[in-house]
Amino acid sequence: MSVLVYTESEEGKFKKTALEVASYAKGVADMLGTGVTAVTFNAGDTSELGKYGVSKVLKVNSDKLKKFNAKAYTDALKQAVEKEGSKVVVLSQSANAKYLAPLLAVQLEAGYASNVVALPESTDPLQVKRTAFTNKAFNFTNITTDVKIIGVSKNAFGLKESSAELSEEEFSPNLSDGDFSVEVVSVDKAADKVTIADAEIVVSGGRGMKGPENWGMLEELAETLGAATACSKPVSDMGWRPHSEHVGQTGKPVAANLYIAIGISGAIQHLAGVNASKTKVVINNDPEAPFFKAADYGIVGDAFEVVPKLTEKLKKFKSDNA
Amino acid sequence: MKILVCISHVPDTTSKINFTEGDTKFDTNGVQFVINPNDEFGLTRAMWFKEKQGATVDVVNVGGAETEPTLRKALAIGADSAIRVNTPATDGIYVAKQLAKVFKDGGYDLVIAGRESIDYNGGMVPGMLAGLVGANFVNTCIGLEIEGNEATVIREIDGGKETLRAALPLVIGTQKGIVEESDLRIPNMRGIMQARKKPMNVVEPIETNTNTEAVKFEKPEPRGDIKMIDPENLDELVDLLHNEAKVI
């Protein structure tokens, strides 16, 4: 009956979102008076999960599952849910989790709510609060099935420490050839770059940057902060930056702790995509830019002067506080 | 090759979002509806398969009669025929089951759907459809080539991309990147005239269940006032980010 949580790892290490969904699962388990079981795939040391309330780990170790494969992971998770008799499954909203969640929902005949931002409002019926209209609104959804799947938005719940006695168990799901009917041929991933999905801080540039040749200063600011770089839609449409950096309603959503928008006016579609971020800073030379109405801190000024100066100040701050 | 493109009928991205009937219904008053942007990228790719590989392209929507102008627009862009399943799009599994019936009846090889609609943002219908009909599924697709019975698909992952291979039938959830913004087509007069004569097949829904129920909506709290900082005094910003916002 335990709450089952899919805790994602990379190169054997847990992602921060894995610890966040574990924290969330613990919150749900407390409401239901049960415990938390995590499923891991080729993870190394799982003891960290115990700090976030996980009491049991089902460890799947399989060479076949080295690369993420949605169908095969779905099958494994389904078998884990059945083994544990779980009624609630918690997962993140990473690209991989969003890929497998609807497949798992069909397999388990479960209702699935995505983009959930808080612990359930109630458990009977199970009602969750989720974002809709690309962050322009919240929506309260009842999940009416016996088994329920909750997809938790990144950074919405945070990490909550709560130590639990952790037991581990090897778990070997029965996988069929059909589980691998979609074959992963190659994975192309920049190893050293902070991704928008994982970043705590995002530095984003718009048309006000005047051209791709001026991105160096944004990259330097991002590097100083350990941030990911992003851009507005016109910038990606003009080919100044790759699509993968486009954030906004039709691009990637951003839910960072700190979002710094430089030379971005703040069209409604852009704001929708980034307003799940906790703190927003706007640097723009146009005091009428709509973004100033949607941000926490604003600087009216020339980005080409402000950004390098800000980078210097932050470097000093970092070295003083190192 | 028979392609089915799923079209959601959604408020234009610039729409103000309001609710009515005690915050239980989306207020459509004064709202312009469009093809869901993620679907439009997919439809544009489907046109490429039609023109280069002789595919036929049907579009489908699960919704009331009010969605027909949106389907007509898809026809004006170049789809061959439209199917409207005459029922409100109640929840993800309900819509997926209606589409599964359309898929089986039409014998499609490829289904292209946006990775999510920009209204409800459920992000589940394409995957559920694939799961229900036993087709292969790739989400967040940003590249698609088809040769014979085999598809090569590029999927966006967090921090990169991966290349996958799968046999048809295939369902993809797609987004910008499968075509460029500049590839999108604005229907011309000829397309609009032709679209009027293309078939709009209205089919009645199958009776099936829902698994979730949207109970009510809420608008976010208005933000507090912005703090303006003098560009000559960036130390203040660093201090605020550290001590007040606690983000650095």
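**Figure 1. Strand S1 and strand S8 of chain B lie side by side as a parallel pair.** Strand S1 (residues 2-6) of chain B is joined to S8(B) by three bridges. Strands, here and below, are DSSP runs of E with at least two residues, and helices are DSSP runs of H or I with at least four residues, numbered from the N terminus. Two strands pair if DSSP finds at least two bridges between them. Opposite Leu110(B) in S8(B) stands Ile3(B). The structure is a predicted model, in which local features need pLDDT of at least 70 and side-chain atom pairs count only at pLDDT 80 or more, while totals for chains, interfaces and linings use all residues. Residues are numbered from 1 along each chain as its sequence is written, and chains are lettered from A and ligands numbered from 1 in the order in which they are written.

**Figure 2. Strand S8 (residues 110-114) of chain B is mostly covered.** Ala113(B) has Gly173(B) as its bridge partner in S12(B).

**Figure 3. Helix H2 (residues 68-77) packs against helix H5 (residues 189-197) in chain B.** The helix axes are 7 Å apart, at an angle of about 120° (axes are lines fitted to C-alpha atoms over the stretch in contact, and angles run from 0 to 180 degrees between N-to-C directions). That angle makes H2(B) oblique to H5(B) (angles under 35 degrees count as roughly parallel, over 145 as roughly antiparallel, 65 to 115 as roughly perpendicular and the rest as oblique). Arg72(B), Leu75(B), Ala76(B) and Ile77(B) in H2(B) meet Gly191(B), Ile192(B) and Ala195(B) in H5(B).

**Figure 4. Chain B touches chain A.** The contact (C-beta atoms, placed from the backbone, within 7 Å) takes 61 residues from chain B and 73 residues from chain A. S11(B) gives the most to the side of chain B that touches chain A, with eight residues. Strand S13 (residues 182-189) of chain A pairs with S11(B) in the antiparallel sense over seven bridges. Leu164(B) in S11(B) is the bridge partner of Val184(A).

Key. Two residues are in contact if their C-beta atoms, placed from the backbone, lie within 7 Å. A residue is buried if 20 or more other C-beta atoms lie within 10 Å of its own, exposed if 12 or fewer, and partly exposed in between; C-beta atoms are placed from the backbone.
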